[in-house]
Amino acid sequence: MNPVARILLSLLLGSATLLAHADDKVIPQDGDISQLKADFIAKQRAAGFTQAEIDKFLGSAQYNQKVIDAITTPWEAKPWYQYHPIFLTDKRLAKGLTFWQTYDEAIAKAAKTYQVDPEIIVAIIGIETFYGGYMGTYPVIDALYTLGFHYTPRADFFRKELAQLQSLVKEERLDLAELKGSYAGAMGYGQFIPSSYRHYAVDFSGDGRRDLLGDPLDAIGSVANYFHQHGWQKGALVTLPLTTHQLPSHLKTWSGEKLSYKVADILSPTIALAQNVDLDVQQPALLVELVQEDRNDYWLGLNNFYVITRYNRSPLYAMAVYQFSQQLKEAYANQ
C-alpha cells in the first residue's frame with residue numbers, strides 16, 4: 001500500500017480511537033474467541049437473525065493478518081507542516097472542482113436540504129476517497145471480523161460494527177462478497193462504517209436504495225445529512241487564526257474531549273484573533289495547535305470545527321478539511 005493511502009486509512013476513525021499501545025493484549029486466546037463468538041451469535045439471534053443466517057454470515061468471514069498489521073503499526077502522528085501537504089494538493093483541488101461541477105445540482109440541493117455549506121460536502125468526499133478514486137481494498141466483513149474477534153483493544157466496538165454490517169447488508173440488499181473498504185470497515189465515497197451507513201445514509205438519488213458505494217448522489221446527500229445530524233450551522237464560522245505562538249500554562253489544546261472552553265476563556269489581551277471578527281464570546285470553543293517547522297500556530301475552533309471532528313476526531317484532519325473546503329469554495333467561485 002502506498003504511503004498516502006496508508007495515512008488516509010489510518011485516519012478513518014481517528015487515530016485516538018484506533019491505535020494500539022505496545023503493552024496492550026492485542027490477540028485474544030482461542031477460548032476467549034469461542035466465547036466472543038457465542039455471545040455474538042446469541043445477540044444476533046435476539047436481533048431476529050436465524051442460526052442459519054448467522055452461520056452463513058460468519059462463515060463468509062476470514063481472518064486477515066494484514067488488518068491486524070495495519071491497525072497495530074500505524075503511521076506516527078505527523079506535525080502539521082508534514083501533514084497538510086498530503087491533502088492540500090493541486091491535483092485534489094482540480095479533481096474536487098470537477099466533481100463539484102459534475103454534481104453541481106445535487107450538491108446545491110443537499111446543501112439547501114440539510115443546511116450544510118456545499119464546500120464542506122465536496123471537501124469531505126475529496127479528503128476521504130479522492131472522489132471515489134480510493135475506497136479501500138479490504139473485504140469489509142473480513143476487516144470487522146478480524147478486529148472484532150482478534151484485536152482486544154477495540155474488539156467490542158468492532159463486533160458491534162460487524163453486527164451492524166449484517167443488518168445493513170440485509171436492509172440495503174448489498175452483496176457482502178463485493179463490499180470492500182478500509183481496514184477499519186469503512187466503505188463508500190464518504191467512508192461510512194456500518195452503523196453510520198445505517199443511521200445517516202439517505203437515498204438522495206430517489207432510486208429506492210441508499211448506495212454509498214456506487215451512487216455519488218447518495219454519497220453527497222448522506223455526507224450532508226451526517227453533518228446536519230451532528231449540528232452543523234450553515235454559514236457560521238469554523239475556525240480562526242490567533243495571534244499567539246505560545247500558550248499560557250492555563251490553556252490546553254483540544255484532544256478529543258467535549259468542549260469545556262468558551263471563546264471568552266481563550267481570548268485575552270495577549271491572545272487575540274488575527275483578524276477582526278464579531279464573535280459571541282460565550283459560545284463553546286476549542287484550541288487547535290498546528291506545528292510548523294519554526295513555530296507553533298494556534299487557531300480558535302468553533303462549533304462547526306467540532307462537528308468536523310465528529311467525522312474524524314483528529315484536529316489536524318478537521319483543519320485539513322476546512323482549509324481544503326476554502327480552496328474549493330474560492331476555485332468554484334472563480335471558475
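This is a predicted model: local features need pLDDT of at least 70, side-chain atom pairs count only at pLDDT 80 or more; totals for chains, interfaces and linings use all residues.
Local features are reported where pLDDT is at least 70 and side-chain atom pairs where pLDDT is 80 or more, whereas totals for chains, interfaces and linings use all residues. Residues are numbered from 1 along each chain as its sequence is written, and side-chain values use heavy atoms, with hydrogens and water left out.

Secondary structure is assigned from DSSP runs, with helices (H or I) of at least four residues and strands (E) of at least two, numbered from the N terminus. Burial is expressed as relative accessible area, computed with a 1.4 Å probe on protein chains only, where buried means under 20%, exposed over 50% and partly exposed in between. Helix α10, which spans residues 140–150, is largely enclosed by the rest of the structure because 11 of its 11 residues are buried; Y145 and F149 are among them.

Helix α15 (residues 303–311) is mostly covered, with seven of its nine residues buried, namely N304, F305, Y306, V307, I308, T309 and Y311. These buried residues pack against the helices α9 (118–129), α13 (216–229) and α16 (315–333), and also against the strands β3 (239–241), β5 (284–291) and β6 (296–301), where contact is defined as heavy atoms within 4.5 Å.

Strand β6, one of the elements against which α15 packs, is itself mostly covered, as five of its six residues are buried. Two strands are taken to pair if DSSP finds at least two bridges between them. By this criterion β6 pairs with β3 in the antiparallel sense over three bridges, and L240 stands opposite L300 in β6. Strand β6 also runs antiparallel to β5, to which six bridges join it, and here V291 stands opposite N296. The strands β5 and β6 form a hairpin with four residues between them.

The loop between β5 and β6 contains Q292, which counts as buried because its relative accessibility is 18%. When its neighbours within four places in sequence are left aside, Q292 is in contact with W80, Y81 and D297.

A further segment is marked by annotation: an unreviewed UniProt entry lists residues 155–182 as "coiled-coil region", given in the numbering used here, with a shortened feature name, and such annotations may be inferred rather than shown by experiment. In the model, the span of residues 155–182 is 64% helix and 7% strand, and its end C-alpha atoms lie 16 Å apart.
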